[in-house]
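Colleague: I'm new to this one. Please walk me through it, in short answers.

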Amino acid sequence: MQKILLYLRSHLGSYELIAFASGFVLMAYEMVASRILAPSIGSSMYVWTSVIGTMIAALAIGYAVGGWLADKRVAAQDVAWLLLLSAIAVGGTLLFYEPILFIISEGVTDQRLQGILAAVLLFLPASFLLGMISPYLARLRVKSVVTTGRSVAMLSALNSIGGISGTFFAGFVFFSLIGSRETLALLVIALVACSWLVMPRHRRTWRMVATFCLALLLVLQFAGRAQAAGLVANIDTPTSHYSVVELGYRGHNTRLLVTDPRGFQSGIRTDGNKDLVFDYTQRLAEAVAQAPKKDRIVILGGGVFTLPEYLAVTYPQSQIDVVEIDPQLEQIAKEYFYYRPQPNIRVFAQDARAFLHDTKDSQYDLVLVDAYNNDSAIPFSLSTREFTEGLKRILTPDGAVLANIIGSASAPCLPALSSLHGSYLSAFAESFVAPVAPRINPDIRQNLIAVYANNSVDWARPLGSELYIHAGAAQKLTDNYAPVESLWQTCH
């Protein structure tokens, strides 16, 4: 052990530290990218693909250009300037991402193109510059052909360790303690600090001026930031970004939870009235009231717990279990949405599929499915036939599933809707699907309340007129193959 410590002490210097720091910043930057895109263009597989693909492409170009320049110049001061330019590029993301994303979301409808444009404009410059640093460090560190392998391997290993650290710190620490914007500011500070490790006296005045200007911009960005009208809070958790806003909704001042640009996920009236705000939650509550048995209910997707609290108060003898993937959402509901836990509510901070796997017995009379991604899309894992088989397994023999589905019978939406409907019908013999707003044209995208069971669902017919879903355009959705992103992309 003593030999290892002596080796590290004698071989690790500023270049190794920079390799670690650049890897840390790059992966933390990528994690932040997904968070700042979610509120405006979503967090689907398309968005992740755009971000990862663009950043890897930028890194590849950066590696090539950096290696070519390093062989030409072999100049240590270049690393200092690359770090400082990277800090400016990350700072540019912080300063300009909101107006850029607004323009993209307003002017482009295809989510794939939105993701690529956002990634190119916001994340490509910094990724390119960070990619240039690695070959420079390798060229500067290698002093002899005899030690080339060890020198390059050490730099690569520390860069990878830094990337791992950046990923875990961003996901497990930064997003829990501070916001995405503050995380970007920390990354800027880290890059500026590293730039001063390399030849701190080189062009000192110019570098100090650049550092001061960058620091001033960051201070002004946070100190002068005006809160948007109606905005109560912006909250980052390890799993999502939330905005809490207040506005007038149907004649009442309403506080709403927003996770994506397509609508509101949950809400309450601020006058203390506990009535359910949205039509679809009202219709789900009506469906529960019509159900012949409701002693044990599980809700997949807690939101801000308005529906669980309503059902718990309305049916005090029923056991209400809530499965919510974000463990911090219950506290957000308490702090901002007046949620008061009830004695007959249990909360499981789990992914819905993990909950189904862990639940061994057929014990629920009703399963309510109301879980969506940040872009108002049903997660692929909650659309497959394996998922609906899991629902069937945890239901009592005469139990039923109530699902909130956003879709329509229009030609663009029908493939997605019929495919999801087919997943449920693979596990359940009976179904009834009713639009929440029956007077609206069924071809218009809206909330649908779907009931599935292996016995009669005639009790659900008072919910409204039935929407018949034709299975001709359906695809078989499984855990192995479920192209839900492409299916729902066309459903507007």
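Modeller: Let's start at Arg250, which sits in the loop between β2 (241-249) and β3 (252-258). Helices (H or I, at least four residues) and strands (E, at least two) are DSSP runs, numbered from the N terminus. This is a predicted model, where local features need pLDDT of at least 70, side-chain atom pairs count only at pLDDT 80 or more, and totals for chains, interfaces and linings use all residues. Residues are numbered from 1 along each chain as its sequence is written, and side-chain values use heavy atoms, with hydrogens and water left out.

Colleague: What is the phi of Arg250?

Modeller: Positive, about 55°, although Arg250 is not a glycine.

Colleague: Is Arg250 buried or exposed?

Modeller: Arg250 counts as exposed because its relative accessibility is 53%. The cut-offs are under 20% relative accessible area for buried and over 50% for exposed, with partly exposed in between (1.4 Å probe, protein chains only).

Colleague: Now Tyr338. Where is it found?

Modeller: In the loop between α12 (329-336) and β7 (345-348). Tyr338 has a positive phi too, about 60°, and is not a glycine. Its relative accessibility is 30%, so Tyr338 counts as partly exposed.

Colleague: And Lys274, what does it touch beyond its neighbours within four places in sequence?

Modeller: Glu309, Tyr310, Tyr338 and Tyr339. Contact means heavy atoms within 4.5 Å. Lys274 and Tyr338 are 64 residues apart along the chain, yet their C-alpha atoms are separated by 9.3 Å. Lys274 itself lies in the loop between β4 (266-269) and α10 (279-290). At 45% relative accessibility, it therefore counts as partly exposed.

Colleague: Switching to strands. How do β5 and β6 run?

Modeller: Parallel, with 5 bridges joining β5 (residues 296-300) to β6. Two strands pair if DSSP finds at least two bridges between them. Arg296 stands opposite Gln319 in β6.

Colleague: How many residues of β6 are buried?

Modeller: 4 of its 5, so β6 (residues 319-323) is mostly covered.

Colleague: Helices next. How far does α3 reach?

Modeller: From first C-alpha to last, 41 Å, for 29 residues (45-73). That is close to the expected 42 Å. The expected span is 1.5 Å times one less than the number of residues.

Colleague: Which helices do the buried residues of α3 pack against?

Modeller: α2 (14-41), α5 (111-122), α6 (124-141) and α16 (484-489). The buried residues of α3 include Tyr46, Met55, Gly62, Gly66 and Gly67. After α3 comes Val74, with a positive phi near 50°.

Colleague: What about the span of α8?

Modeller: The end C-alpha atoms of α8 (residues 180-195) are 23 Å apart. Among the buried residues of α8 are Arg181, Leu184, Leu187, Val188 and Cys194.

Colleague: Zooming out. How many helices and strands are there?

Modeller: The protein chain has 16 helices and 11 strands. Its C-alpha atoms fill a box of roughly 80 × 50 × 45 Å along the principal axes. Of the 492 residues, 51% are buried.

Colleague: What share of contacts between residues at least 6 apart joins residues at least 24 apart?

Modeller: 74% in the protein chain.

Colleague: Last one. How far apart are the mean positions of the positive and negative charges?

Modeller: 12 Å, for 37 positive and 37 negative charges. Lys and Arg count as positive and Asp and Glu as negative, while His and the chain ends are not counted. Each charge is placed at NZ of Lys, CZ of Arg, CG of Asp or CD of Glu.
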